[in-house]
Amino acid sequence: MVEELFANNKIQVLVCTSTLAWGVNLPAHLVIIKGTEYYDGKSKRYVDFPITDILQMMGRAGRPQYDQHGKAVILVHEPRKSFYKKFLYEPFPVESSLKEQLHDHINAEIVSGTICHKEDAVHYLSWTYLFRRLMVNPAYYGLDSMEPEILSSYLSRLVQSTFEDLEDSGCIKMEEDSVEPMMLGSIASQYYLSYITLSMFGSNIGPDTSLEVFLHILSAASEYDELPVRHNEENYNGALSERVRYKVDKDRLDDPHVKANLLLQAHFSQLELPISDYITDLKSVLDQSIRIIQAMIDICANSGWLSSSITCMRLLQMVMQGLWFDVDSALWMIPCMNDDLASSLKKSGYLTLQQLLDLPKTALQNLIGNFPASKLTQDLQIFPRVQMKIKLLRKDDDAEKAPSLNIRLEKISSRKNRTRAYAPRFPKIKDEAWWLVLGNTSTSELYALKRVSFSDRLVTTMQLPPKRNDFQEMKLILVSDCYLGYEQEYSIKELLN
């Protein structure tokens with residue numbers, strides 16, 4: 001409304017934050033930049049606005065239909081005056097930032113097969129903007145001269161140190177000058193995650209990692225390094241830490257990772273956030289969390305850990321629904337759910353959506369008493385009802401080869417041909433997807449994992465583990481990536497009878 005009033009000349013002066021320069025196109029006759037510094041909560045000091053932000057703010061000066069010139073005034077400390085004058089009236093060199101991000105780029109190229117040797121990496125660097133700037137401004141990058149030997153030695157050391165860091169993190173394997181990707185490196189490249197994050201996952205995730213530990217691991221991801229902790233927000237974090245389920249380090253309330261942990265727990269508990277900035281921050285945390293959790297699931301699956309894989313899948317369901325898996329009933333996903341109805345269903349032994357979806361309408365009405373059945377029936381239609389049928393396929397011509405499973409998934413509810421997930425507490429649109437998990441529930445071994453999505457029906461296969469006859473405890477589990485308590489479990493032993 002304020003933007004509209006200003007655009008229509010009803011408001012003559014608009015006082016706003018710097019973000020308006022990037023987010024909204026509101027040209028003005030005159031732009032005044034009242035200071036070029038802001039308080040950075042992370043470093044606990046005042047720092048200069050990036051030059052690009054200053055340019056963007058100045059760029060709002062000048063109304064094409066009214067003014068021939070744009071006017072901008074920068075109020076700046078006297079010692080910085082000459083810097084801004086020089087910056088405004090002379091070309092400003094753009095330097096490369098590749099050196100600070102080199103590990104992740106090199107890792108991605110190793111995974112894709114572009115870089116297999118040290119020479120490949122040096123050759124790769126010679127085609128980058130970093131190399132061009134090295135030739136023009138070597139001192140900026142810590143290079144003394146541009147002698148060919150010195151430049152070659154510099155690039156060789158840069159590649160070698162990068163390789164060593166990636167090897168120490170478990171992302172690549174080195175043999176003399178050749179390199180090949182490891183599981184952690186491949187997952188980092190697939191999900192666009194930092195190699196530091198994957199290294200931390202590799203050190204902290206185990207076969208029986210608990211939900212609480214997974215939550216701390218998720219929050220510790222380096223992708224949350226830049227989550228803003230603004231001036232005095234440690235006080236809000238302290239108050240929030242008294243209300244959440246799992247304790248956080250009270251000595252690090254100004255740490256972005258602690259704040260990420262608190263925001264996630266507040267999301268699961270549906271706590272009211274202290275200020276509107278936290279709502280924006282929570283959206284950012286949730287948005288990043290999807291690929292981070294998917295990477296954690298891949299690590300668990302590649303390691304053959306059934307228990308940790310299922311726990312991590314439940315963490316993703318919690319992110320999508322804003323509920324605790326092991327505290328809240330899955331019935332709270334239903335929009336019309338209230339305390340009386342939840343209590344009534346619980347007393348009758350109905351704890352999951354799957355049970356309600358399988359009930360005939362008449363039985364549902366008898367079950368819920370005075371509550372309007374039409375409202376509950378209508379809300380239940382939001383959720384898919386998936387039927388899974390499996391057959392064992394044996395290869396008669398090859399007795400040594402392990403049999404495989406033929407799996408048919410079909411939606412038998414009115415939600416056919418619809419894939420949009422019902423996740424009102426998640427800030428983005430999400431499509432339904434499912435995991436087919438083959439494992440041994442007694443030994444907690446995971447043999448195979450397959451991620452699938454379908455709108456109506458799907459037929460797929462999964463190979464049983466070779467040289468195994470212990471089908472007694474082997475199960476095939478269908479797990480949703482967005483709905484709590486939606487697991488369907490089938491015993492492989494029953495197919496053999």
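**Sheet, helix and domains**

User: What order do the 3 strands of the open sheet take?

Analyst: The order is E7-E8-E11, with antiparallel pairing. Strands here are DSSP runs of at least two residues marked E, numbered from the N terminus, and two of them pair if DSSP finds at least two bridges between them. This is a predicted model, where local features need pLDDT of at least 70, side-chain atom pairs count only at pLDDT 80 or more, and totals for chains, interfaces and linings use all residues. Residues are numbered from 1 along each chain as its sequence is written, and side-chain values use heavy atoms, leaving out hydrogens and water.

User: Which strands stand at the edges?

Analyst: E7 (386–393) and E11 (457–463) do; each has a single partner strand, so one side of each lacks a neighbour in the sheet.

User: And how many bridges join E7 to E8?

Analyst: 8 bridges, with E8 covering residues 404–411. Serine 404 in E8 is the bridge partner of leucine 393.

User: Switching to H13, is it mostly covered or mostly open?

Analyst: Mostly covered: 13 of its 14 residues are buried, meaning under 20% relative accessible area (1.4 Å probe, protein chains only). Helices are DSSP runs of H or I with at least four residues, and H13 spans residues 256–269.

User: What comes after H13?

Analyst: Glutamine 270, with a positive phi near 55°.

User: Where are the domains?

Analyst: Domain 1 is 1–89, domain 2 is 98–190, domain 3 is 205–321 and domain 4 is 342–495. The bounds come from an automatic or database domain assignment. The centres of domain 1 and domain 4, taken over C-alpha atoms, are 54 Å apart.

Note on methods: The expected span of a helix is 1.5 Å times one less than its number of residues. Buried means under 20% relative accessible area, exposed over 50%, partly exposed in between (1.4 Å probe, protein chains only).
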